[in-house]
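Subject: Structure for you to look over

Dear colleague,

I am handing over the structure we spoke of, and below it I set out what was found. Please read the notes with the coordinates open beside you.

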Amino acid sequence: MPGSVQRPAHRSAVLPAGLARYAADTFAAHTAIRSVRPSRWPQLTYAQLGGVTDDVARGLLALDVASGDRVAILAETRPEWTVCDLAIGAIGAISVPVYPTNSPEECRWVLSDSESSVLICEDAGQVAKVEPLLPELPRLRHIVVLDGEAPGAITLDALLERGGATSTDQVIDREARVRSGDLSTIIYTSGTTGPPKGCLICNGHWQATLDGLDAGLPVRAGESIFLYLPLAHAFARVVQLVAVSRGATLHFFGGDIRNVATDLAEVRPDYLPSAPLLFEKVHTRVRSLLSQAPEADRAAFARAVTVGGKVRTARERGEPVAPEIEAEFAEADERWLSMVRGVFGGRLKEALTGSAPIAPDILEFFHACGVPVNEGYGMTESAAVLTLNSPADRRFGTVGRPLPGVEIRIAEDGEILARGANVFSGYHRARRRPPRSSPTAGCTPATSATSTPTATFASPAGKRT
């Protein structure tokens, strides 16, 4: 590849603009993407991911997408979403995720408020949802459709063909111009009143969250992360960035939320980010099956969970376990607890959960079965994460400790006060200025203790930080 522009050599210099190129250079032969659902790119190595990201980026340049332009994505969680998101960042544009379940009016608001100039739609159905809104969206110049064709839309094939006349050097040049303080994405989050508000998340905000997760989320190159959560949500977006920045495999679900359990058994991932509902459903299902089992089996399973919890906790703390308890645990684990692990594929090292409270007894149950679920807390306004339980420091019934670099204080009325380099700079087109402690020019994240951006968040019910 032409080398007229020097590539940054460290993650902090390239995220997220040059993330695909960094990963291609660093993890070339590792698998970047696999997908249960049919996809244009059902499996890619990191070298291939870098190539197709460049291809899409060149296509966007052929549409005259300038640095700072807004490019919206209206699609389900799938490989094309990730490739397009990385391509948007590579040319210094700003991605605007739109929930595929949004109503036409909700789509109109996000596209209009963000002033998006390009919209990437999943299929003809999503294009048809947006088409009647075009008279109200004068800034929207192009619609790209990922699957098939749609009237008035550019197909993905046509986009890639247009990009064929554009040099990769132009993409590399755009990457080199992106700075930490530049806006990366506008993520719309609903408030208690009024229409959704666009959170201004910059490159540096994402980087601060990733730096904070280095110790608490020990994902390594070659390990796999199962992804079914909507990429329009900040939680899934940061999982995506973690995977690519560390050379892990993003394994996409089959597209039907009702079949997630079947997908998990097939994929057998190492890591699973999920909303609490999945764990609650599995827990309820196990209890339902046990209620129909003989009394002796119910008693044996209960004993297995008790022993499993004690042994796994002792091991994490480095405490000795009596040989007879170890022997009992080994038998119970193989006979009973392994069945619970099998629901998640049998290889799960860690699961993450957030967005809603989860009962401590459910967390304790899965921990005893060898499925550690680490609960965390964050907001879109904090680039997804503020606090997280970790394998080395886990306390059920809490949302963990603040990430390194994040400060948390609980106000007298219970409101959570948070400060850190990952805290956003404000809302898009907000009528009032951000707090004095938050930068007002661009999105450059402050780093000093006295000037780091601050935000206040409602306390999650029943949680202790």
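**Two residues with positive phi**

Ser-355 sits in the loop that runs between strand 13 (350–353) and helix 15 (360–368). Before going further, please keep in mind that this is a predicted model. The phi angle of Ser-355 is near 80 degrees, which is a positive value in a residue other than glycine, and Ser-355 is exposed, with a relative accessible area of 65%. As background, most residues other than glycine have a negative phi.

Glu-115 is another such case, with a positive phi of about 60 degrees although it is not a glycine. Its place is the loop between helix 5 (104–114) and strand 5 (118–121), and at a relative accessible area of 28% Glu-115 counts as partly exposed, since that value is not under the 20% limit for buried and not over the 50% limit for exposed.

**Confidence along the chain**

The average pLDDT of the chain is 90, and 89% of the residues score at least 70. Over residues 1–13, however, the pLDDT is below 50, and this stretch has 23 contacts in the model beyond near neighbours in sequence. Residues 432–452 also stay under 50, and for them the model has 39 contacts beyond four places in sequence.

Asp-85 counts as buried, since its relative accessibility is 10% and the limit for buried is 20%. With neighbours within four places in sequence left aside, Asp-85 is in contact with Ile-73, Ser-95, Arg-237 and Gln-240. Cys-84 is also buried, at 2% relative accessibility.

The count of cavities of 30 Å³ or more comes to three, and the largest cavity holds about 110 Å³ of space. Asp-85 belongs to the lining of the largest cavity, and so do Ser-95, Arg-237 and Gln-240, which are among the contacts of Asp-85 given above. The lining of the largest cavity also includes Pro-16, Leu-86, Ile-88, Gly-89, Ala-93, Ser-184, Trp-206 and Leu-241. Helix 4 and helix 10 (234–246) each supply at least two residues of this lining, and the largest share, four residues, comes from helix 4.

**The second largest pocket**

About 720 Å³ of space lies in the second largest pocket. The elements that give two or more residues to its lining are helix 11 (260–267) and helix 12 (276–291), with helix 12 contributing the largest share, four residues. In total 26 residues line the second largest pocket, and those that lie nearest its centre are Tyr-228, Leu-229, Pro-230, Ile-257 and Val-260.

**Cysteines**

How many disulfides does the structure hold? The number is zero. For Cys-107 the reason can be read from the distance: its sulfur is 8.0 Å from the closest cysteine sulfur, in Cys-121, which is too far for a bond because a disulfide requires the two sulfur atoms to be within 2.5 Å. Cys-107 is buried, with a relative accessibility of 1%.

**Buried segments elsewhere**

Helix 2 (residues 19–26) is largely enclosed by the rest of the structure, because six of its eight residues are buried. The buried residues of helix 2 are Leu-19, Ala-20, Arg-21, Tyr-22, Ala-23 and Ala-24.

Leu-63, in the loop between helix 3 (46–62) and strand 3 (70–74), is buried as well, with a relative accessible area of 1%. Beyond its neighbours within four places in sequence, Leu-63 is in contact with Arg-141, His-142, Val-144, Ile-154, Leu-159 and Arg-162. The C-alpha atom of Leu-63 is separated by 8.5 Å from that of Gly-163, although the two residues are 100 residues apart along the chain.

With best wishes

Note on methods. Residues are numbered from 1 along each chain as its sequence is written. This is a predicted model: local features need pLDDT of at least 70, side-chain atom pairs count only at pLDDT 80 or more; totals for chains, interfaces and linings use all residues. Side-chain values use heavy atoms; hydrogens and water are left out. Buried means under 20% relative accessible area, exposed over 50%, partly exposed in between (1.4 Å probe, protein chains only). pLDDT is the predictor's confidence in each residue, from 0 to 100. Contact means heavy atoms within 4.5 Å. On a 1 Å grid over the protein atoms alone, a cavity is a set of points where a 1.4 Å probe fits but cannot get out, and a pocket is an open set with protein on both sides within 12 Å along at least five of seven lines; lining residues have an atom within 4 Å of a point. Grid points are joined across faces, edges and corners, and a volume is the space filled by probe spheres set on the points.
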